[in-house]
Amino acid sequence: MLGLMQDQPLLISNMIDFAERHHADGEIVSRRVEGDLHRYTWADVAKRSRQVAHALDGLKLEFSDRVATLAWNGYRHLELYFGVSGSGRVLHTLNPRLHPDQVVWIANHAEDKVLCFDMTFLPIVQAVHARCPMIKTYVALCDADKLPADTGIPNLVSYEAWIGTKPTAYEWPQFDENSASSMCYTSGTTGNPKAALYSHRSTTLHAYAAALPDVMCISARDSILPVVPMFHVNAWGIPYSAALTGAKLVFPGPAMDGKSVYEMMEAESVTYSAGVPTVWQMMLAHMKANNLKFSTMKRTVIGGSACPPAMIRAFNDDYGVEVLHAWGMTEMSPLGTLCTLKNKQLKLPPDAQMQIRLKQGRAIFGVDMKVVNEAGESLPWDGKSSGDLLVKGPWVIAEYFKGEGGNPLVNGWFPTGDVATIDADGFLQITDRSKDVIKSGGEWISSIDVENIAMAHPAVMMAACIGMPHPKWDERPIIAVVKRPDTQVTREELLQFFDGKTAKWQIPDDVIFVDAIPLGATGKMQKMKLREQLKDYKLPTA
Ligand code: AMP
C-alpha cells in the first residue's frame, strides 16, 4: 500500500552513529588491565569502531565471519561491539572462565577467524592457539609497546597498532536487519555448548525495550557500571541501550572485587548498575565491614539467579538503592522480565511489596510467556499454578547456531527449562528448574560434563551431579556416586581425579557415596528425587 513509513533496516551501526551525533561528549571511563583509568567519549568510540571496521576489511574478512573476544568490560571491547557488528561481521564473546579445552571446542565450532584478547588472558591464548587452526589473526588489546616479544603466538598484533593507522571515516554497509550481529554460547543441558546467534534487528529491538522506564530505565542522566560481563549475553544489552540514550558507561576492567567496584562507583558518580547476586554479595560485605554508603547509586538490576530477600532489603533499607529483579536467558538476548511495581502496589505495606519484589517480574513488550502443564496446556495466571515456562518473541531464539540440537521450539514457543508461576498482575516467579544444569556465581556448570569425568574413573559405576544452595555462589555442584562392586575410591581421590580435566570452579565441592541413584521408568536419573533425598545435606565449609 502507498504512503507507508521508510523501510530502514535496524542496524547496530545506526546506534553508534546516533551516539556520535547526539551524545558526542558522553563519557566512557574504563579501568585498564595496566591498572590506570582511561577516559574518552562516545565520539571516540564511534571513530575507533570505524577504524576497527577498516582493520577487519584489511584482513579480508567476509560478511558474517566470526571475530572472537576474550576480554573484560572495557572501552576497546566496546569498540569491537560496534566495529565488528557494524561492518557485517559477527562478534563472538568467549567466556574466559572456561577451561582451555572448552574454549578450543567453542572457537572451532564458531569457526572464529580473529581473536582479540586482554593481556590477562594471554595464558589462555597460549594454551589454545595451536588447536584453533581457523583463527588467522590474534589481536592483543593493548598499546604497541605493551606487546611482549616472545609469546609463541603467530600473527599477533597489538590492537593499537592494528587500528591506529586506519582511516577514521567509513561508510557502514547496509544489509538485511535479520543478519547475524553477535553470538554467545551457553552450556547445553544435553551434549555440547550451543550458541545463540543475535541479529541486528533483535539487538536493536532489545536495546529499545531495555531502556524503557519499567524495564532497565536507562537514560542520558545515568552513569552505568555494568558488572555483568560483556562476554555474558552482551552485558545484558547495556552497551547498546547506553548508545541509544547517551548514558555514561563506567567499566571496571579486571578490578571486579567489592572494594574496587565500590570505589569506582563513588569516583564516577555511578547511578546504576547490573550484575548477578554473587558480585553484590561481595560488595555489600565490603561496604558493611567498612561502614560505607553510596553517594549517587539509585538502582541496580539483579538477575541471572534468584535474588535473595536479604539482598533486596540491604540495598533498599541500608543504602537507599532500588533493586530491580530480572529474569532472562542467553537464548533471550537476555531480558524476559523485570520486577518494577505497578502504581496500585506502591500503596501496599512494605512486607507485601517485598513479596512482589522477590518475584522475577513482568514481561517486557516483545516477550510473550506462558506456563503449561505436562500435557502442554496453559495454566491459569493465579500465582499458584506452577508449570514449565515457555516464551516467544523477536529476541528469543528460533534455533541454535548451525541448527545444533534440532528444532528447540514447541509449537513456536521456546521452552526455558525453568518452572514458574504467573500471577494475575502478570508477575512471573521462578519456582524450580527442570533443566539439568548448575549455576554457580552466575556461570553454568554442565552436570553432564561433571558426571562424564567421574564416570571415567574405574571405580565409578554411576554418578549424578546436582546443585546445592550456597550462600556466596548461589549453587555449588556435588556429585552422588555409586561405586562398582569390589572397588575402592575415596572422596579425596575422586575430587583429585577432576584436576586439569575441567575449570577449577567447575569441580564439585563434595562427593557423596550412595547405594543407588533414583531412576525413572525410562532409566533416566531423577535428580529432583535425589535433591529431595539429600535435602538435609550441608555443603562442606571451605
Ligand atoms: P543464562 O542463559 O546464563 O543467562 O541463564 C539463564 C537461566 O538462569 C534461566 O533460565 C534461569 O534458570 C536462571 N535465571 C536467570 N535469572 C534468574 C532469576 N532472576 N531468578 C532465578 N533464576 C534465574
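Q: Through how many residues does a hairpin join E23 to E24?
A: This is a predicted model. In it, strand E23 (residues 460-470) and strand E24 (residues 474-483) run antiparallel and are joined by 10 bridges. The hairpin that connects E23 to E24 passes through 3 residues.

Q: Which residue in E24 is the bridge partner of alanine 464?
A: E23 covers residues 460-470 and E24 covers residues 474-483, with 10 bridges between them. For alanine 464, the bridge partner in E24 is alanine 480.

Q: How many of the 5 residues of E13 are buried?
A: In a regular strand, side chains alternate between the two faces of the sheet. On one side of E13 are Arg299, Val301 and Gly303, on the other Thr300 and Ile302, and all are buried. E13 is therefore largely enclosed by the rest of the structure, the buried residues numbering 5 of the 5.

Q: Which residue forms a salt bridge with aspartate 222?
A: The closest N and O atoms of this pair are 3.2 Å apart. The partner of aspartate 222 is arginine 299.

Q: How many residues apart in sequence are the parts that glutamate 20 and arginine 50 tie together?
A: Glutamate 20 and arginine 50 form a salt bridge, with 2.9 Å between the closest N and O atoms. Glutamate 20 belongs to helix H1 (residues 12-22) and arginine 50 to helix H2 (residues 42-58), so the parts tied together are 30 residues apart.

Q: Is arginine 50 buried or exposed?
A: Its salt-bridge partner, glutamate 20, has 24% relative accessibility and counts as partly exposed. A residue is buried if its relative accessible area is under 20%. Arginine 50 has 11% relative accessibility, so arginine 50 counts as buried.

Q: How many residues apart are arginine 97 and glutamate 443?
A: These two residues form a salt bridge, and their closest N and O atoms are 2.7 Å apart. Arginine 97 is in the loop between strand E4 (90-93) and helix H4 (100-110), while glutamate 443 is in strand E22 (residues 443-446). Arginine 97 counts as partly exposed at 34% relative accessibility, whereas glutamate 443 counts as buried at 8%. The pair links distant parts of the chain, and the two residues are apart by 346 residues.

Q: How many salt bridges does the structure hold?
A: Salt bridges that share partners join Arg32, Glu34, Asp36, Arg48, Arg76, Glu79, Asp143 and Glu160 into one network. In the structure, the number of salt bridges is 30.

Q: Which strand gives the largest share of the shell around the ligand?
A: The ligand is surrounded by 16 residues, and the closest are Ala326, Thr330, Gln360, Asp418 and Lys435. By class, the shell has 5 nonpolar, 7 polar and 4 charged residues. The largest share is 4 residues, and these come from strand E14 (residues 322-328).

Q: What percentage of the accessible area that the ligand has on its own does the protein cover?
A: A polar side-chain atom of glutamine 360 is 2.8 Å from a nitrogen atom of the ligand, and a polar side-chain atom of lysine 439 is 2.9 Å from an oxygen atom of the ligand. A polar backbone atom of alanine 306 is 3.1 Å from a nitrogen atom of the ligand. Of the 500 Å² of accessible area that the ligand has on its own, the protein covers 96%.

Q: Is the peptide bond from serine 333 to proline 334 cis or trans?
A: Proline 334 is in the loop between E14 and strand E15 (335-338). The omega of the bond from serine 333 to proline 334 is near 5°, and the bond is cis.

Terms used. Residues are numbered from 1 along each chain as its sequence is written. This is a predicted model: local features need pLDDT of at least 70, side-chain atom pairs count only at pLDDT 80 or more; totals for chains, interfaces and linings use all residues. Side-chain values use heavy atoms; hydrogens and water are left out. A salt bridge is a side-chain nitrogen of Lys or Arg within 4 Å of a carboxyl oxygen of Asp or Glu. Buried means under 20% relative accessible area, exposed over 50%, partly exposed in between (1.4 Å probe, protein chains only). A residue is near a molecule or strand if one of its heavy atoms lies within 4 Å of it. A polar contact is a pair of N or O atoms within 3.5 Å; within protein, one must be able to donate a hydrogen and the other to accept it, and residues adjacent in sequence count only if both atoms are side-chain atoms. Accessible areas come from the Shrake-Rupley method with a 1.4 Å probe; for residues, only the protein chains shown count as cover. Ala, Val, Leu, Ile, Met, Phe, Trp, Tyr, Cys and Pro count as nonpolar, Asp, Glu, Lys and Arg as charged, and the others, Gly among them, as polar. Two strands pair if DSSP finds at least two bridges between them.
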